[in-house]
Amino acid sequence: MTGQNSSSSVSTKSISQILAGWDPEGEGAALHDLVTRLYPICRSITGNGTRRSLQMLREWVPLTVREVPTGTTVFDWTVPKEWNIRDAHIKNSRGERVVDFQKCSLHVVNYSVPVRARMRRSELKEHVFTLPDRPDWIPYRTSYYKETWGFCLTQREWDALPDDEYEVCIDSSLEAGYLSYGEFRCQGATDDEMLISAHSCHPSLCNDNLSGMAVAARLAGHLAGASLRYSYRFLWLPGTIGSITWLALNEAILPRIKHGLVLSCVGDPGRFTYKRSRRGHAEIDRAVEHVLQSAGGDFGVAEFSPFGYDERQYCSPGINLPVGCLMRTPNGKYPQYHTSADDLDFVTAPALAESVRRLLSVVEVLEQDYRYVNLNPKCEPQLGRRGLYRLMGGTSNTGLEKAMLWVLNFSDGEHSLLDIAERSQVAFSKLAETAEVLVRNNLLRRI
Amino acid sequence: MTGQNSSSSVSTKSISQILAGWDPEGEGAALHDLVTRLYPICRSITGNGTRRSLQMLREWVPLTVREVPTGTTVFDWTVPKEWNIRDAHIKNSRGERVVDFQKCSLHVVNYSVPVRARMRRSELKEHVFTLPDRPDWIPYRTSYYKETWGFCLTQREWDALPDDEYEVCIDSSLEAGYLSYGEFRCQGATDDEMLISAHSCHPSLCNDNLSGMAVAARLAGHLAGASLRYSYRFLWLPGTIGSITWLALNEAILPRIKHGLVLSCVGDPGRFTYKRSRRGHAEIDRAVEHVLQSAGGDFGVAEFSPFGYDERQYCSPGINLPVGCLMRTPNGKYPQYHTSADDLDFVTAPALAESVRRLLSVVEVLEQDYRYVNLNPKCEPQLGRRGLYRLMGGTSNTGLEKAMLWVLNFSDGEHSLLDIAERSQVAFSKLAETAEVLVRNNLLRRI
Amino acid sequence: MTGQNSSSSVSTKSISQILAGWDPEGEGAALHDLVTRLYPICRSITGNGTRRSLQMLREWVPLTVREVPTGTTVFDWTVPKEWNIRDAHIKNSRGERVVDFQKCSLHVVNYSVPVRARMRRSELKEHVFTLPDRPDWIPYRTSYYKETWGFCLTQREWDALPDDEYEVCIDSSLEAGYLSYGEFRCQGATDDEMLISAHSCHPSLCNDNLSGMAVAARLAGHLAGASLRYSYRFLWLPGTIGSITWLALNEAILPRIKHGLVLSCVGDPGRFTYKRSRRGHAEIDRAVEHVLQSAGGDFGVAEFSPFGYDERQYCSPGINLPVGCLMRTPNGKYPQYHTSADDLDFVTAPALAESVRRLLSVVEVLEQDYRYVNLNPKCEPQLGRRGLYRLMGGTSNTGLEKAMLWVLNFSDGEHSLLDIAERSQVAFSKLAETAEVLVRNNLLRRI
């Protein structure tokens, strides 16, 4: 009922403890190393490249790889054929490989049908994609829903090819098979779920989205060993068709999903950008924005729009889950986007680690965002005699006193801790800690 | 039931087609020419000047001139006597006309009672109005509700008059008669109406409000040949008493009025200013603001206030229709306001034409502002196999794809196209066109 | 039922009349004189200093001094022992008084237990408080809820004391007695009340809060002779424990309190700052903000927070009265705060007088904030024939005409005069005056 790989291990750490013991260097190094090893693999919306990548993530999280057969109807769509590629190249008349898929998986238009032919440069041109404005970068192109083939080259490579007869070879197959995706669920105290989704269909592109794949896996690894209120479901799936497939096959689960995030482009060193869910003011939206706000520094917030990543599907009108999208520099807003320059240098270890840390902070908010009632609601309780308030007067309130007074005043059954955090501008974690102190002193009760 | 001059001609053009074939030079020339011919006529709240002006508008629109007898009770008011004027002048002792109504209708205080007398300059002074700060301009003054007489002169003209005995003559009459106004209604597919109202009582003042009279007539001419959802009612009437009269005599019609605009000062080359209806967020308010926003460039929006033009009456608390006011430079915000400098040079052909065009765009929005439901609401439909989406991936969405995704995502039965336009910042006309494409592809249904 | 000292004297003046005859110099002089005479007294949360101060306020207002016995349970608190102090000093080995309570009441930590001892400077140091950053100022310290003793000195005084044996003496007593507070209520036409509260427990500190005590007393004196709609209740009480005590003993009265203000720091020449009630948009909040706005000049508005003065108690979640806090420079925002520099020079006569005047304006708004209905709601009434509107047209509306049109248009039973003031930006007093004119002309009826 809750996924075969549900983890019900006895948990030992709270999120706050994980954050307290945070090791940015270690986390960053591990993340960048995983991205480095994933980088050369040619992923696509189906095929062995994706399967191998998912296996690699199992180093950190015991995810299940699920296989959905070609031809399966998923809402308005059909699961496509499975694509696999072994090799591809262009050889000149001297038999030299002038373009070689082994060097970079972007050289082949993703999902190209097999081809083996000889042709003049002028004929080959019809199948070649370059970026004239960025002559040293290879573009990323796909053709999932039209059976064709092509090569992607840097403009300089293309310009350097003389008029000649070329041998083109794409040793691929497009056949009935499966769409593969990874799923991991860890069981919390309740069946209410948070969904984390990362698209895993892009070949050698680091920020979009090896960063999201790795960050999600790292977060999953941390949560698997934590004491949790919510259950957490992680999905690594091909963009668009993957989320559509998952949604179509799991409609019964949807009512349990209380919060969700799509992770994408979370490895570059730019500021964070949060794209709100279609609902716009859901708890996940407020939690992420509070975390970004509390951290200080610059960040961006964008309203929902029906473009981007799998939030398009999670937030389609008939699904309408409270799922936002956490990014650093958003898709299309950095020049390296969808080119070979989105490489291992573009994503950094500190940025990857900090993305995991922010997500843990978001989880910390959601886990602890309860409403409380003040058990002494008429006037302030006398905190001093309980040892909770400075006894010498005449100065300003301390931070802890302020947090106590905020929690006491607004714990009227209408305001959650996140409401109070937004109103008071006091960090959520401080309020949560304060609430625990007040509960222990019989001044507050959780509802 | 819906006015004697209802047009039910077989319509052939949509608003979009009218806009597609728009000829700004031809429209501007025709409008300025009509203003030029209306300019010399001495209009007032009653009388033959107004009747002649309304006849002139019939060149473009088969309006009906309605006559309401003096003494008719209209809410708290009474239809006043009819004023007519044949001539007026001031002659000096040598018999020379030093002030001549034939040269400018503003020279006489509008609604002056007849007078024929000889008096010294000092006595005449009591009946003379000038603008000391603008010594070359004649002021515009009225005295509708106090029986008196007067002359308006430039300060220089008055200063040049020596002490002398002057003969003053106002050959006017103030007698039982009628209040005249023009009305035109074109029948659309429904009896729900949009009201367009322009005050027509000002003498030789171009922006205020020959511009509004001419623009309304031009718009009416265009709509009379169009295929329409709403019925459109146009009123050309004297300010204040005219709208009060119409409202008092047509209370039964009011529930049908779904949208309305007062047109005033729409001929000067200043930016557009929209004054919202008393309701503040009515569909007409949102439609006008979207049109101004989409057009780019600067514009102003003002909240409703109970001063200005006939929106005062349409938006009185017991009437409270959703009627805003479209202007360019608002009344009182240009120095020429209510002076002889509000002349044929102050209003321009391009400004007049553009005012008509913006109004057609507003009508286009209102006509097409429906709600739709996405017939495939769970995840996106596969647009590619319907030929509606680029098949090669890896680049950004095109404008049309964006419009489709916006319309599909928010067509949940709660959002109209105008709601989607406001949210997406996509031009309404593009969304409307997109909705039609999606309806044809069975992806959307109008509700 | 409504307090023993309810005033039911026949009232003769309206608030508008009081404001019309306003004498800023006379008011300011009287206020500053009272503050000067209150200044030397050593007040605390209980004791004779407070009693003497309340008696002094009776020069202006016949308030009742209420006495609540030590040990009385008030919600979560207990009324503390009564503290009285006769003398205190530190003498050096030559018997010279190097610190003398008679010179400044701040020299003793407020609520110090009695002590009489000899000790070296090093031992004395444990009981001495200074402000190293402000070496010429004496800090203000209290110890209400921990039985201890101490002295407050300027840093220079302390530094000047050589190593020596000192005799310390605090001739105080801490015994069962009473908590004293002042209360005055003047009866208006209804039992609905406005509450004005000022904390009266601070010793020789002028802005915080002799200013609030004096301003409240002056306001009470003015209202006692006025014709009023609301009843007004004034409280002068020790901070925190005083308002808790009053609330605990007067719960039955709370439903009648429709508006309230805490007065604090209203004597310095800084701009006004209004701290909103917990409700945030209560009528008192809107009234104060309108008065500050209408007066022109700079002012500040702060959202409610659970720190500050007795609004903490009035706005606790189980009480939640619409009580805001009017200040000039807020507590903690001026360097003199809680030091000996908050003295007779820091508060000024004009500032004190203007604070009273603004409060009278707030009362004027609340007293006259009714809803009206336009008796001629369909179109404008013909104001001209009633002599209420200029008869010569062609110019702009006058201020009075504008006020009339605003009141008529929005008197639809849904908008109060304060609503109209906020929307129109017309001063409330002008709208109220206009409403009276319209009522007299049978155009408006109060509801």
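Modeller: One aromatic cluster is formed by A:Trp77, A:Trp83, A:Tyr111, A:Tyr144 and A:Tyr145. This is a predicted model, in which local features need pLDDT of at least 70 and side-chain atom pairs count only at pLDDT 80 or more, whereas totals for chains, interfaces and linings use all residues. Residues are numbered from 1 along each chain as its sequence is written, chains are lettered from A and ligands numbered from 1 in the order in which they are written, and side-chain values use heavy atoms, with hydrogens and water left out.

Colleague: How many aromatic pairs does the structure hold, and why is the pair of A:Trp83 and A:Tyr111 called tilted?

Modeller: Over all chains there are 36 aromatic pairs. The ring centres of A:Trp83 and A:Tyr111 are 5.8 Å apart and the planes stand at 35 degrees, so the pair is tilted (rings of Phe, Tyr and Trp, the last by its six-membered ring, pair if their centres lie within 6.5 Å; planes under 30 degrees apart are stacked, over 60 edge-to-face, the rest tilted). The two residues are 28 residues apart: A:Trp83 belongs to strand β4 (residues 82-91) of chain A, and A:Tyr111 to the loop between β5 (97-100) and β6 (115-120). Helices (H or I, at least four residues) and strands (E, at least two) are DSSP runs, numbered from the N terminus.

Colleague: What makes the pair of C:Tyr144 and C:Tyr145 edge-to-face?

Modeller: Their planes meet at 80 degrees, with the centres 6.1 Å apart, so the pair is edge-to-face.

Colleague: Is C:Tyr144 buried or exposed, and why is C:Tyr145 called partly exposed?

Modeller: C:Tyr144 counts as buried because its relative accessibility is 18% (buried is under 20% relative accessible area, exposed over 50%, partly exposed in between, with a 1.4 Å probe and protein chains only). C:Tyr145 has 33%, and is therefore partly exposed.

Colleague: How do you know that A:His89 is buried?

Modeller: A:His89, in strand β4 of chain A, has a relative accessibility of 5%, so the residue counts as buried.

Colleague: Why are α11(B) and α13(B) called roughly perpendicular?

Modeller: The axes of α11 (residues 399-410) and α13 (residues 428-440) of chain B come within 9 Å and cross at roughly 75 degrees (axes are lines fitted to C-alpha atoms, for helices over the stretch in contact, with angles from 0 to 180 degrees between N-to-C directions). The two helices are therefore roughly perpendicular (under 35 degrees is roughly parallel, over 145 roughly antiparallel, 65 to 115 roughly perpendicular, the rest oblique).
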